[in-house]
Amino acid sequence: MTISSRSGSASNAASSAPLNFSSTIISQLGPDNTTVQNIGFGTVVNCFYLPGCIVGGLLIDRIGRKQNMTLGFMLCAIWGFILGVALRPIQSVFPLFVVMYGIFNAFQEMGPGVSTFLCASESFPTPLRDHFMELAAANSFDFTFKGQQAVFLIGSGFAVLGGLCSWFLIPDMSRELETEDARFKAYLEENGYNISHYGEALLVERRN
């Protein structure tokens, strides 16, 4: 649960300002743009989310959950460092910045965007899944950074952290949810719990 929440925190940190304040960033980096142009550029940026989700959905069953999350984090980090370091020359060709910014968001959606809650949900047995998912979400953090370069550089640093956590700390779970349920049921039985109602009322009573 802690690992899931920290992966979510890293995902939030990597994407918080870039995703949540995209219109602000575009208007600040393109001060000469009209309102209509800013809206148009923001729409182009948002159009990259869907391809990221589609690619992530295609990859997640082929390479694995945590592998897809790690790949997305690392690609997001590399792309974010490029944007942060070379922001001024990229900014001089504003449509290029918009496209690169959109690709940055697409990587974010491709990896942690489609994998975070799936990895978390598959880590818990059915009777505990709702509670542990709520706790994992409650223990994640949101971040806000000021300054365009800081947005990408610090966010990319957290993306590296998220990738390392995903690769080394998230276990390779079975893709069948029933597997974790069976392990949890066996654990309860071994520790003296009455499992006669398991799977029906989902109530577990301590044997007297």
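From the N terminus on, the elements of the chain follow the order α-α-α-α-α-α-α-α-α-α-β-β, a total of 10 helices and 2 strands. The model is a predicted one. Of the 208 residues in the chain, 41% are buried. Among contacts with a separation of 6 or more, 77% are between residues 24 or more positions apart.

In soluble globular proteins, nonpolar side chains tend to be buried together. In this chain, the largest nonpolar core comprises 18 residues, and those with the most contacts inside it are Leu-83, Phe-94, Phe-97, Tyr-101 and Phe-152. Two or more residues of this core come from each of α2 (22-29), α3 (35-46), α5, α6 (87-92), α7 (94-122) and α9. Helix α7 provides the largest share, with 7 residues. For Phe-94, leaving aside residues up to four places away in sequence, the residues touched are Ile-26, Leu-29, Gly-30, Asn-33 and Phe-41.

At least two residues of the patch are supplied by α5 (65-85), and at least two by α9 (148-169). Ile-154 lies in helix α9. Because its relative accessible area is 37%, Ile-154 counts as partly exposed: this value falls between the limits of under 20% for buried and over 50% for exposed residues.

Key:
Residues are numbered from 1 along each chain as its sequence is written. This is a predicted model: local features need pLDDT of at least 70, side-chain atom pairs count only at pLDDT 80 or more; totals for chains, interfaces and linings use all residues. Side-chain values use heavy atoms; hydrogens and water are left out. Helices (H or I, at least four residues) and strands (E, at least two) are DSSP runs, numbered from the N terminus. Buried means under 20% relative accessible area, exposed over 50%, partly exposed in between (1.4 Å probe, protein chains only). A nonpolar core is a set of buried Ala, Val, Leu, Ile, Met, Phe, Trp, Tyr and Cys residues joined through side-chain atoms within 4.5 Å. Contact means heavy atoms within 4.5 Å.
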